[in-house]
Structures are given as C-alpha cells and as structure tokens.
Amino acid sequence: MIDAKFIPEGVQRCSLPKFLAWLVFLGLILLWGVAGVGLIYWRGLGVTGLDNYFGFGLWIVFDLVVIALGAGAFFSGFLKYILRIDQLKNIINLAVIVGFLCYSGAMMILALDIGQPLRAWFGYWHPNVHSMLTEVIFCITCYLMVLSIEFIPIILENRQLYKIRLINRLAHNFHVFMPLFAAAGTFLSFFHQGSLGGMYGVLFGRPFAFREGFFIWPWTFFLFILSAIASGPVFIMLIATAVEKLSGRRLVDFNVKSLLGKISGFLLAIYMFFKLLDTWAWAAGVLPEMGFTFDEMFNQVYGKWLLWTELGICGVLPAVLLIVPALRNIPALLYIASLLTCAGIVINRFVFTVQNLAIPVMPFDQWATYIPNWTEWSTSLMVVAYSAIIISLAYRYLPVFPQERRLNT
Amino acid sequence: MSETMQIHSEFEIRWGMVIDIDKCTGCAACVVACQAENNIPPTPEPFDRLRTVYWIMVYELSNGKPFPHADRAYLPRPCMQCGNPTCATVCPVVATTKDEEGGIVSQIYPRCIGCRYCMAACPYHARVFNWHDPVWPEGLDKTLTPFVSVRPRGVVEKCTFCHHRFQQAKEKARAQGLNPNHLAEDAYIPACAEACPTGAIVFGDLNNPRHRVSKLAKSPNAFRILERIGTEPQVYYHSTRDWVRLQADNSLQREKEKVKQS
C-alpha cells in the first residue's frame, strides 16, 4: 500500500482503493449537503421547511442532539483525568475526536441556521447577559477551541509526524497539560449543556417547555446536563463498536464498553428519577397554573406516544439493562440499551424544540406541523458524512485505539 | 412565574391600544395600512400564512355553536409590547429591548443575527422572519415610506407601534415648544389605528388619564390575551360578549364553569 508508512505500526488496514471507495461514498453525501449549503446561502432560509411558527426545526434538534451526545468527550475526560478512572484511556482518544466532530458539526449547522451568519460574532460584541443563548454561544465556541487543542496531540502521534523531534516533544507536552484542558472542557461543557436546557425552561410563554427552577436556572438546565452525561459515554462506545463492525477488527475491550455502559446506566437512572419527577410536577403544577391540561399538550401528530417512548422504552428500560451486570454484559443487550438511551435523547430534544412550538398557546390559535425539507436533511447528513470521513481518516492513520494491537493478535 | 425570569421597567408613558372586538369587522384595513406604512415587502409565498411578513394579523374567532346561535368575532393582533416581554430577555445580542420611555419593545435590525429565539419565545406569534430578500416590483418601490428602514433577509421583525411616528410627534412637539413627554392624544397614532374604518383601535398613553385608552383599559369588559402567563401586554381588547373574553386566555374546565356560574 502506498500509504503503509503512515498507518500506525502493528495494525492492519484495508487496501487503499477500498478505503478511497469508502471516502468517495461519503464524499457524495457530503456534496449533496454542500449543494444545500450553496442554495441556502444564495437564496436564503426561504428554501428550507422552516416558517414563522417553527423558527427552530431539524437543525436545532440536530445541534442539541449532537451536543448532548458529544458530552461523552468532556465527561470521559473528566472521569479519566480528574477522577482517574484509568480504564478510560482506551477510549479517550475516540471520545475527543467524536466530541470535536459533534461541536464543529454543530457550529457548521448554526452557521446555516442563523439568518445573518456574518453577524455570528455579535454574540461576543453585544452580549445579553440575561440570555441563556449568549452563554451557549460563549461556551460552545470556547469548548470547540479546547477540543481542537485536545485533538492536536492525537494528530501529532501519526507515525511519520511523531518521528520529528519537535512534534514529538510538542505532543508529549500537550499530554502533560491535558488534565488542565479536561478541567476547562468540563467547566465549559457543563454550563452550556445546562444552558441549552435553560434556553427552553425560561420560555414562560411556552407551556410545554417552561419550568420553575433554582435561582436563575430552570429545572431543564439540570435535566439537560444529566441527560447529556448519561448518553455521552454510551454514544462513544457505540461509535467504537460501529468502527469495529465496519473494519472487522476488535478495537476496544468489552470490559471498557461495559464500564461505559455502567457509567451511563447509573447516570441515566438518576436522570430518569428527576425526569419523571419533573414530568409529574409539570403536568400537575406548571400546566394547570398556566391554564392548560396535560392532554392539551399532545395531538395526533405529536402524540403522547413520544412521551411514553422517551420515558419508558428509551429511559427506564435502558437504565435497567445498563445497571444490572448480568444484562449489561450480554453484548447485544448492551448495544440495544445504548441505542435506546441515545434515541431517548433524540426524542427529548425533538419534543422540546418542535412539539413545544407546535402547541397553540393562544386559545384561538391552531396546532402547526413541521416537515423539514431536503435542504435541511442534506446539510444535516453532510455533517454526518464529514464526521464519518474524519473518523475514517483518524482510524486509518492515527493511533486512536491503544488496545487494538493486543486485541487482534 | 419565577421572579428571576421577569424584567419590569416602569415608564412614565406606556403607549398602548384598546381594540374593541365588537366593532372590528375583520376588514383588514389595519393590516394593509401597516404593510404600506412599514415597508413590508410583497411576499413570494402569498398563500403561506406562516412564511409571510406581517406585523398585525387578524384572527377569526368562533363561539363554536351551530346556526342560529353561531357567532363570529375578529381579533387584530399587533405586537403586544409586553410589560414583561418574553422576547427581550432571550435575545443573545440585545437586538430587542424594552428600555425606551413609552414602553415600546424595540427591534434593532442591523444587530439581529436571525437566530429566531425571540420567535420561539413569543406566544403571540408577533414576530416574523424575513425568509426572502425584500423585492418590490418595478414601480411599487415608489410607494416606500422614507421614514422606515427596509429590512434585509435573515432578520426578525415585528410591530413597533409605528415608532417613527412617535419620533415625528416628539420632534413636532419640541418645534412647537411643547413637552414631547406629554403628547396630546392624537399627536401620535400608529397607521393601523388611523386606518381602522370603524374606530375599533384606540391608541394612547395608558398612564395618561386624559387619554381615552387609560379609561377603556379599566372597563370591566376589557381584557388582555394570555394575561395569566405574566407577559403584561400593553394591548387591551374589549368585548361585551362572554365567549370572546373567555377565548383570551387558557383556563381549566372547572375555572370556565366557575366563570359561567358567576
């Protein structure tokens, strides 16, 4: 293979033509998204399926989901570098890469979603300190910088780059300071995960989202943090498993996967306890106080099935599956529970974004329905394709998985 | 509602409206006057209500009863200029504020980044987004109002109670040696109130006892939309019909029955 000298020592990779064919496949999806981007920038957001009722749509759902699932990066970093759970060193590189992709992808989508992308920096220039969104703008941009810094040493460890003395030393020094970046990442990510939830909780004109809270933080602030750190670890594990299935090689020991499942399981159980309490308090307290009933929050399109699926099938069930060791240690159940956990987060972010806006608040208004069009799908898939390309390149040329050599001998 | 989520600004002047729903015929002259006055461009999607730029919209209300008891009402809905706006606190770039004497919620177009968070926050749907570039067919551009800036695509806009007319009224008062903070009742009127053929829209300073709105807003038949959630709108409505007043806010079945009994 022409690129053999760039592939990490002692591991096997598919042939270059096969790899290039895979990249071309991903590249075509990427190009479809680029066409969407071009049209959006040329003609404006009028080409999307968004409207005056659904100012937030698929893109915001996508952003909230990837940012929640990308929490695996900061939380794994926190567990590895601050709490010193050493086993996580086997997954931490992938966690950083996935985190970087989630946040950079979210930024790309935000650059499309805002009507005036050239004014995006106004968040720093004219910040409204009362707005949860200002905090989100601050933290996600700062955290993306932290993630970029965390990603650099992984790139520098490429077999050929690492031979250069300066780069070798640089990579080593980056590692020395990594706990500092992990701490900064934890702080930043913790707050913006919360602020994303707070963004909805403060909407006192929206009965579906509004929550009371603690001091300036509505309960959704804490629920979004909990749900993000509950789903992040298993999402990283699922990505590792997907790379394993696609490459046909074992990359991460099952014990590590099980540990991630266990961490997620316990956090999910804590999250579900508070989420169920919150749902009850919302239905029995917040809604009647605003003059609404629980039934009025749902219709034929945005039905109660979404809530029961989120809380039951994608909440309590995976929490049980992940907590009980006998169940968690069956690979198929571990993966199913992890997928359900992530699906629960998708539903949660979807209902807070879309169902929230679909509900008529003025009694004489009507339900609205949102259907995203191809420009929104293609650009979202573009980010997925971009992420798959970066992970593929990282897997091929960087020593992402420390256990790979041992597991495949 | 949590105290920390509220912003209250006390103003000496509080511009407001009282809209008599019993007088409104739903003719939409207010909508047309508003569009002409505020340079609202023709829309490429005229049949899609949710993609059109409008600052005031007329809703049709029904009592839900069959003939011969069927009844209809029309409710013009401008921006409520809320005393406790849901939109101003959430804007990440301070592009919408409630800090000027008069209590009109501003919208600063050159600062708006088009994130649409304010639209998600507003339960009245008073905020609209410029989905398309503003284009006036040749000749129609000559009708543009010189006092109102044209908004580019990608920013949010909303009713400003024809704020430029407020500025003009203050300038005129200053030129006449009068106090611009004590304008006479008809010195400043938005285009919608001026155009209403039945006089259903009355405009003035809610804090000024010499202005009609201050009395009309205190009528037992006056009400505000979604008063319960604490937005404190500066737009009041008036109707002698119970079923119309009942549709102004959300209430539980037991509360509705209690109202009927009383």
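Reply: Two residues are in contact if their C-beta atoms, placed from the backbone, lie within 7 Å. The model discussed here is predicted.

Me: Which residues does I97(A) touch, not counting residues up to four places away in sequence?

Reply: I97(A) is among the residues with the most contacts inside the largest nonpolar core. Leaving out residues up to four places away in sequence, the partners of I97(A) are F151(A), I154(A), I390(A), I391(A), A394(A) and V400(A).

Me: How are α3(A) and α9(A) oriented to each other, parallel or perpendicular?

Reply: Helix α3 (residues 71-82) of chain A packs against α9(A) with the axes 7 Å apart and at an angle of about 90 degrees. Angles of 65 to 115 degrees count as roughly perpendicular. Therefore the arrangement of α3(A) and α9(A) is roughly perpendicular.

Me: What is the make-up of the contact of α3(A) with α9(A) in nonpolar, polar and charged residues?

Reply: On the side of α3(A) the contact is made by A71(A), G72(A), F75(A) and S76(A). Helix α9(A) brings A228(A), I229(A), G232(A), P233(A), F235(A) and I236(A). These residues divide into seven nonpolar, three polar and no charged.

Me: Which element gives the largest share of the side of chain B that touches chain A?

Reply: The contact takes 49 residues from chain B and 41 residues from chain A. On the side of chain B, 29 residues are nonpolar, 13 polar and seven charged. The elements giving two or more residues to that side are β2 (57-62), α2 (86-90), α3 (117-121) and β4 (128-129) of chain B. The largest share, four residues, comes from α3(B).

Me: Why is chain B as compact as a globular protein of its length?

Reply: Chain B has eight helices and eight strands. The globule rule gives 18 Å for 262 residues, and chain B is therefore as compact as a globular protein of that length, its radius of gyration being close to this at 19 Å.

Me: What percentage of the contacts in chain B with a separation of 6 or more is between residues 24 or more positions apart?

Reply: Of the 262 residues of chain B, 45% count as buried. The C-alpha trace of chain B spans about 55 × 45 × 40 Å along its principal axes. Among contacts in chain B with a separation of 6 or more, the share from residues 24 or more positions apart is 63%.

Technical notes:
Residues numbered from 1 in each chain as written. Chains lettered and ligands numbered in written order. Predicted model: local features only at pLDDT ≥ 70, side-chain atom pairs only at ≥ 80, totals over all residues. Rg over C-alpha atoms; globule rule 2.2 N^0.38 Å. Buried ≥ 20, exposed ≤ 12 C-beta atoms within 10 Å, placed from the backbone. Core = buried A, V, L, I, M, F, W, Y, C linked by C-beta atoms within 7 Å. Axes fitted to C-alpha atoms, helices over the stretch in contact; angles between N-to-C directions. Parallel < 35°, antiparallel > 145°, perpendicular 65-115°, else oblique. Nonpolar A, V, L, I, M, F, W, Y, C, P; charged D, E, K, R; others polar.
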